[in-house]
Amino acid sequence: MKLSEKKYAEAANQLLAAARTNTSYDAKGQADFGEVASQLLVIKKAGTISADIERAILAEQDRWRNEKKASDKAMADAA
């Protein structure tokens, strides 16, 4: 594994961790969601992310999106 490959592998794991811990649905959570999506594209373009890690990141992004929808609905229903 080349140094740059190791750097991207570590970045992919950090990105997954960031996606997993994003449980905020306010402006910061939305910004974090966007940053994860943006950085995922960078890593994908480099061709250094494993399919398993990519799927896990996308699954976490889907989780966040679904939970945000539910949170938004609950807030609207409470109003």
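## Helix 3 and its buried residues

Helix 3 buries I53, E54, I57, E60, Q61, R63, W64, K68 and S71, where buried means under 20% relative accessible area, exposed over 50% and partly exposed in between, with a 1.4 Å probe and protein chains only. The model is predicted, so that local features need pLDDT of at least 70 and side-chain atom pairs count only at pLDDT 80 or more, while totals for chains, interfaces and linings use all residues. Residues are numbered from 1 along each chain as its sequence is written, and side-chain values use heavy atoms, with hydrogens and water left out.

Helices are DSSP runs of H or I with at least four residues, numbered from the N terminus. Helix 3 (residues 51-78) has 28 residues that should span 40 Å at 1.5 Å a residue, and its end C-alpha atoms are 40 Å apart, which agrees; the expected span is 1.5 Å times one less than the number of residues. Within helix 3, E60 counts as buried because its relative accessibility is 17%. Leaving aside neighbours within four places in sequence, E60 is in contact with L16, A19 and R20, contact meaning heavy atoms within 4.5 Å.

Helix 2 (residues 27-46) has 20 residues and reaches 29 Å from its first C-alpha to its last, close to the 28 Å expected at 1.5 Å a residue. In helix 2, the residues G29, F33, V36, L40 and I43 are buried. They cover an arc of only 95° around the axis, which puts them on the same side of helix 2; the arc is that of the directions from the helix axis to the C-beta atoms. The face turned away from this buried side carries the exposed residues A27, K28, L41 and K45.

At the start of helix 2, a side-chain oxygen of D26 reaches to within 3.2 Å of the backbone nitrogen of K28. Helix 2 is followed by G47, whose phi is positive, near 70°.

## Aromatic pairs around W64

The structure holds two aromatic pairs; rings of Phe, Tyr and Trp (its six-membered ring) pair if their centres lie within 6.5 Å, and planes under 30 degrees apart count as stacked, over 60 as edge-to-face and the rest as tilted. Y25 and W64 form a tilted pair, 5.8 Å centre to centre with 45° between the planes. This pair links distant parts of the chain, with Y25 in the loop between helix 1 (3-21) and helix 2 and W64 in helix 3, 39 residues apart. Y25 is partly exposed, with a relative accessible area of 22%, whereas W64 is buried, with a relative accessible area of 5%.

The rings of F33 and W64 have their centres 4.5 Å apart and their planes at 25°, so the pair is stacked. F33 in helix 2 and W64 in helix 3 are 31 residues apart, and their pair links distant parts of the chain. Ring pairs link Y25, F33 and W64 into a cluster.

Technical notes: Helices (H or I, at least four residues) and strands (E, at least two) are DSSP runs, numbered from the N terminus. A polar contact is a pair of N or O atoms within 3.5 Å; within protein, one must be able to donate a hydrogen and the other to accept it, and residues adjacent in sequence count only if both atoms are side-chain atoms.
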